[in-house]
Amino acid sequence: MREHSGSILDTDYIIYSLHGKLEPEEIKQEKLRMYDTLKKGVEKGLWDRVPDSPGCYTLDLKLINSDSSQKKAEDNKHQGQKSKRKSKDEILPRYQNLSLIGAVETVVRENQGQILTTEKVAKELYGELKGYALTKAKAKVGKTLWHGAKQRLWQRVPDKLGCYTLV
């Protein structure tokens, strides 16, 4: 972050800068760790999340020159792995400043004690979706719920595929 102070850095670029080219499975694992690390850094005041730019961070928002930094962020994003970020208008405004795992964790915590399906969580995050958009959102949310359960952030419901809970 200090090397690029005054720039906006995309999560994919940060991973690429730290680790170089990774295999797809390694990228998935590293993204989860990176989102957690970046979230903790924001909470500790070490760097800032860039508003209206999911997955983008900067050392200090006050150092950003809006026009040139936006271009640098785009350039940085294309130097790393291909970005699969959602556009800011896909997820509901309430969750736009959170990573996907952070948004899912918020929904799970707010529904503690209930059994949550991937569809219910997807609709909570994205609103009423239909067709392919719903299928795509459920796939993203399902992977995130699965990874969160592996990290013991919440639990899978035994014998119920795609169902999770926080006790």
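**Ground rules**

I am working with a predicted model, in which local features need pLDDT of at least 70 and side-chain atom pairs count only at pLDDT 80 or more, while totals for chains, interfaces and linings use all residues. Residues are numbered from 1 along each chain as its sequence is written, and side-chain values use heavy atoms, with hydrogens and water left out.

**Entry 1: helix 4**

I started with helix 4 (residues 100-110). For helices I go by DSSP runs of H or I with at least four residues, for strands by runs of E with at least two, both numbered from the N terminus. Is helix 4 enclosed by the rest of the structure, or open? Eight of its 11 residues are buried, so helix 4 is largely enclosed. I call a residue buried under 20% relative accessible area, exposed over 50%, and partly exposed in between, using a 1.4 Å probe and protein chains only. The buried ones in helix 4 are Leu 100, Ile 101, Gly 102, Ala 103, Val 104, Glu 105, Val 107 and Val 108. They pack against helix 2, strand 4 (116-117), helix 5 and helix 6.

**Entry 2: helix 4 against helix 5**

Next I looked up how these two helices sit. Two packed helices are described by the angle between their axes and the distance between the axes. Here the angle is about 110° and the axes are 10 Å apart. The axes are lines fitted to C-alpha atoms, for helices over the stretch in contact, and angles run from 0 to 180 degrees between N-to-C directions. Helix 4 and helix 5 are therefore roughly perpendicular; that label covers 65 to 115 degrees, with under 35 roughly parallel, over 145 roughly antiparallel and the rest oblique. Helix 4 brings Leu 100, Ala 103, Val 104 and Val 107 to the contact, and helix 5 brings Val 121, Glu 124, Leu 125 and Tyr 126. Contact here means heavy atoms within 4.5 Å. By class I get seven nonpolar residues, no polar and one charged. Nonpolar takes in Ala, Val, Leu, Ile, Met, Phe, Trp, Tyr, Cys and Pro; charged is Asp, Glu, Lys and Arg; the others, Gly among them, are polar.

**Entry 3: the cores**

Which residues touch the most other members of the largest nonpolar core? Of its 24 residues, they are Val 104, Val 121, Leu 125, Tyr 126, Leu 145 and Trp 154. Helix 2, helix 4, helix 5 (118-126) and helix 6 each supply at least two residues, and helix 4 gives the most, with six. Another core, of 10 residues, lies apart from it and includes Tyr 13, Ile 14, Ile 27 and Met 34. A nonpolar core is a set of buried Ala, Val, Leu, Ile, Met, Phe, Trp, Tyr and Cys residues joined through side-chain atoms within 4.5 Å.

I then picked out Leu 145, which sits in helix 6 and is buried at 0% relative accessible area. Leaving aside neighbours within four places in sequence, Leu 145 is in contact with Val 104, Val 108, Thr 118, Val 121, Trp 154 and Tyr 164. Leu 145 and Tyr 164 are 19 residues apart along the chain, yet their C-alpha atoms are separated by 7.4 Å.

**Entry 4: salt bridges**

I found nine salt bridges, each a side-chain nitrogen of Lys or Arg within 4 Å of a carboxyl oxygen of Asp or Glu. Arg 33 pairs with Glu 30 at 3.0 Å, N to O; they are three residues apart in helix 2 (residues 24-43), about one helical turn. Arg 33 is partly exposed at 46%, whereas Glu 30 is buried at 11%.

Arg 109 and Glu 105 also meet at 3.0 Å, four residues apart in helix 4. Glu 105 is buried at 13%, and Arg 109 is partly exposed at 46%.

Lys 123 bridges to Glu 128 at 3.7 Å. Shared partners join Glu 119, Lys 123, Glu 128 and Lys 138 into one network.

**Entry 5: two positive phi values**

Most residues other than glycine have a negative phi. Arg 152 has a phi near 65° and lies in the loop between helix 6 (131-150) and strand 5 (155-156). Asp 159, with a phi of about 65°, lies in the loop between strand 5 and strand 6 (163-165). Are they buried or exposed? Arg 152 is exposed at 75%, and Asp 159 is exposed at 83%.
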